[in-house]
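Hi everyone, thanks for making time.

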Amino acid sequence: MAAETAHTTSTPDDGDLEQYVDQRLFDGSMGTLADHAARKAALGDERRYAILFLLRERDEVARAELAGAIDDDSFDLSHHLAKLVDVGLVARTGAPDDGDGRQTFYKITHLGRQEIDADRRNITGVDPS
């Protein structure tokens, strides 16, 4: 019979449910529950989600191309891209070797890929790998 190991994690009954989830789910590996919730909140906007999806398909896209794809003059693209960058789903990059160095390019991050890939698996049942 295997020896039982003592758990030092809190329990939900200790009064700090967020800390419990941090320890049980994240354990410092991918940030915190607050970080995760901020990423999910950023994806709660349909257009931000669509931007991330497009970046997953194309890996890196110029800001001008993103603006053209949205086709809504009232949409504040800079604000929404900044939100995706702030939560770590998208990164600003320099122009690719064959790109226009005067433009800002955006690239999906590892965390952004994980979000879209998980949704593809959950929605379509197909592993995007």
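I'll start with the overall layout, then go through the sheet, the core and a few single residues.

First, some ground rules. This is a predicted model, so to speak: local features need pLDDT of at least 70, side-chain atom pairs count only at pLDDT 80 or more, and totals for chains, interfaces and linings use all residues. Residues are numbered from 1 along each chain as its sequence is written, and side-chain values use heavy atoms, with hydrogens and water left out.

Okay, the layout. The protein chain has 6 helices and 3 strands. Going along the sequence, the pattern reads α-α-α-β-α-α-β-β-α.

How much of the chain is buried? Of its 129 residues, 24% count as buried. Buried here is under 20% relative accessible area, exposed is over 50%, and partly exposed is in between, using a 1.4 Å probe and protein chains only.

Now the sheet. In general, strands of a sheet pair through backbone hydrogen bonds, either parallel or antiparallel. Here the 3 strands form an open sheet in the order S1-S3-S2, with antiparallel pairing. Two strands pair if DSSP finds at least two bridges between them. S1 and S2 (90-93) are the edge strands, each pairing on one side only. S2 and S3 are joined by 4 bridges, and Arg92 stands opposite Tyr106 in S3. Helix H5 lies across S2 and S3, at about 110° to S2. That angle is taken between N-to-C directions, from 0 to 180 degrees, with axes as lines fitted to C-alpha atoms, for helices over the stretch in contact.

Let's zoom in on Val61, in strand S1 (residues 60-62). Is Val61 buried or exposed? Val61 counts as buried because its relative accessibility is 1%. Leaving out residues up to four places away in sequence, Val61 touches Leu55, Leu66, Thr104, Phe105 and Tyr106. Touching, or contact, means heavy atoms within 4.5 Å. Tyr106 is 45 residues from Val61 along the chain, yet their C-alpha atoms are separated by 5.4 Å.

In soluble globular proteins, nonpolar side chains tend to be buried together. The largest nonpolar core in this model has 20 residues, and Ile51, Leu66 and Val90 have the most contacts inside it. Helices H3 (46-58), H4 (63-70) and H5 (77-86), plus strand S3 (105-108), each supply at least two residues of this core. A nonpolar core is a set of buried Ala, Val, Leu, Ile, Met, Phe, Trp, Tyr and Cys residues joined through side-chain atoms within 4.5 Å. Among the residues that Val90 touches are Leu52, Leu84 and Tyr106.

Next, helix H6 (residues 110-124). Its buried residues are Gly112, Glu115, Ile116 and Asp117. What covers them includes helix H2 (33-42), H3 and S3. Just after H6, Gly125 takes a positive phi of about 80°.

Most residues other than glycine have a negative phi. Asp59 isn't a glycine, but has a positive phi of about 70°. With a relative accessible area of 27%, Asp59 is partly exposed.
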